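Please look through the structure first.

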Amino acid sequence: MSKVGSPENPLRVAIIGAGPAGFYTASSLLKRKDLCVQTDMFDGLPSPFGLVRTGVAPDHQKYKSVIRAYDKRAQTPDYRFYGCVEFGRHIELPDLKEHYHQVVFTTGAQTDRSMGIPGEDLAGSHSATDFVAWYNGHPDFVDYQFDFSQTRAAVVGLGNVALDVARILCRTKAELLRTDMADYAIEALAKSNVKEVYILGRRGPAQAAFSTPEIRELSELAAADVEVRSDEAQLDACSREELAKSKNKERKKNVVAIQKFADAQPTGKSRKLAIRFLVSPTKIIGSESGRVEAVEMVRNEAFQSEDGSVRPRATDRFETLPVGLVFRSVGYRGVSLPGIPFNENWGTIENEKGRIVEGASRQPLSGLYTAGWIKRGPTGVIGTNKKDARETVVCMMEDLQAERMLTPAKPQREAAEELVKQRQPQFISYDDWSVIDAEEVARGQESGRPRVKFTSVAEMLTVLGR
Ligand code: NAP
């Protein structure tokens, strides 16, 4: 038998998850001139691109331009996409071991972290991840309901997702109509009564996880003034010291931007986006009927912890913020996969630089790899996954050299496709996706929008004439 990776015996790689980490992994493999490799990418959704389609804010189209590079890579003959094919449902680990030399899990972080306080499950308390998936037209979230008859909403967390959620809640219909947000979400948000949105951060301006362009951009909201209390914009002694020593220029620029908001006067816009610092929700208070009515929160003070970071410490001062909606935006969390060692504390697959390892012994599991958020946790921007995927591919290539890989009984591409056809006859190929994509873009052109999304698998299959 010729060497794996030769034209006669191509390296067969399965990639589970068609988001940025999956595409950067495929790209890193497919561009190698010294290797004959075929990548088959699986995703439970009919559409590729993961959070670039279902997570990136619809008013941030510029971040979606990475799709052009993914699309180019997907046009190469050695790449195949199998949409609507879910790992653990249509295909399982033994199937993959029978058909591939290497398998890479790039499933991202599909759920949210909880705050661990009473009232999180009340009606009107939502995870930001659910809201984001809903407004982006993720087929599994179209039926979610949000009560926009409320006038005040709280968004907990000082990350970019919290900013996305708060911004979307403050956008006017005219602003939303320039995006590719799901039509049902535009309709619901256009009728929204929400007038005040409060972002609640447990630490101060110097520790906010926002990216600077994102925080600055809030000044451009058509209908919302941004409000920051001047006492909360001032840095405490620990934060001043931390910032002075820090090489993180972004944090310094964030503080300047936040203090600028504190100095500004309201301009009389109809909505208010307030950012509060050094407050931690301690309880979500509900009405008798079980609906969110308010958030009880404690004021924090900053202190320097043993590891040198500035952490929040609760004082004995509490306040109650009346709100009818709460969005918990305290970070995403990975979901475990059948048969794959998982670290429950971190919400990540057990791995060393991308090689999946057995949890206790840390011994690599031959032929199994991971990349992206499910490998390292939900941190960084889209481009961070490029470097991350490259690290995994370096391990894959070392192992290939050392002939440490799976020994599939049926490594032929046709055998894998036959398996998919048996398990999921309605799978979506990349050509199918291109038809759906062109139709979405054409629908958008009619109304001057980037695209009008299909939000159900049935609609997409109809476009394909099935
Ligand atoms: P994130 O950046 O990790 O922010 C999570 C926030 O939640 C932090 O402020 C954290 O505070 C806070 N938090 C955690 N537990 C909390 C608790 N129990 N109570 C109160 N606050 C709590 O996560 P993210 O916003 O979900 O974003 C995920 C990743 O995607 C990030 O890397 C982000 O930059 C990226 N992203 C980028 C963009 C963009 O570039 N435009 C857009 C969206 C997302 P502490 O810091 O005190 O822990």
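Buried means under 20% relative accessible area, exposed means over 50%, and partly exposed lies in between. Cys84 has a relative accessible area of 8%, so it is buried. The model is predicted.

**Positive phi angles**
- Most residues other than glycine have a negative phi.
- Cys84 is not a glycine, yet its phi is positive, near 70°. The residue sits in the loop between β3 (79-83) and α4 (93-99).
- Arg362 also is not a glycine and has a positive phi, about 60°. Its place is the loop between β19 (355-357) and β20 (364-370).
- Arg362 is partly exposed, because its relative accessibility is 31%.

**Salt bridges**
- Side chains of opposite charge can pair when their charged atoms come close.
- The count of salt bridges comes to 39.
- Glu232 forms a salt bridge with Arg229 at 3.6 Å, N to O. Glu232 is buried, with a relative accessible area of 4%. Arg229 is partly exposed at 33%.
- Glu232 also meets Arg276 in a salt bridge, at 2.9 Å, N to O. This pair links distant parts of the chain: Arg276 is in strand β10 (residues 271-276) and Glu232 in helix α10 (residues 230-233), 44 residues apart. Arg276 is buried, with a relative accessible area of 7%.
- Arg355 and Asp399 meet in a salt bridge of 2.9 Å, N to O. Arg355 lies in strand β19 and Asp399 in helix α14 (residues 384-401), so the pair ties together parts 44 residues apart in sequence. Both residues, Arg355 and Asp399, are buried.
- One network joins Asp59, Asp164, Arg167, Arg171, Glu175 and Glu217 through salt bridges that share partners.

**Positive surface patch**
- Arg216, Lys249, Lys252, Lys253 and Lys260 form a positive surface patch.
- Helix α12 (residues 249-263) gives the most to this patch, with four residues.
- Lys252 is in helix α12. Its relative accessible area is 32%, so Lys252 is partly exposed.

**Buried elements and contacts**
- Which residues of α1 are buried? They are Pro20, Ala21, Gly22, Phe23, Tyr24, Thr25, Ala26, Ser27, Ser28, Leu29 and Leu30.
- Eleven of the eleven residues of helix α1 (residues 20-30) are buried, so the helix is largely enclosed by the rest of the structure.
- Glu120 is in the loop between β5 (111-112) and β6 (125-127). At 8% relative accessibility, Glu120 is buried.
- A polar atom of the Glu120 side chain lies 2.8 Å from the backbone nitrogen of Met115.

How values were computed
Residues numbered from 1 in each chain as written. Predicted model: local features only at pLDDT ≥ 70, side-chain atom pairs only at ≥ 80, totals over all residues. Heavy atoms only, no water. Patch = residues over 30% accessible without salt bridge, like charges linked within 9 Å, V, L, I, M, F, W, Y side chains within 5 Å. Areas by Shrake-Rupley, 256 points an atom, 1.4 Å probe, with all protein chains shown as cover. Salt bridge = Lys/Arg side-chain N within 4 Å of Asp/Glu carboxyl O. Lys, Arg positive; Asp, Glu negative; His and termini not counted. Charge placed at Lys NZ, Arg CZ, Asp CG, Glu CD. Helix = DSSP H or I, 4+ residues; strand = E, 2+ residues; numbered from the N terminus. Buried < 20%, exposed > 50% of the residue type's maximum accessible area, 1.4 Å probe, protein only. Polar contact = N/O pair within 3.5 Å; in protein donor to acceptor, adjacent residues only side chain to side chain.
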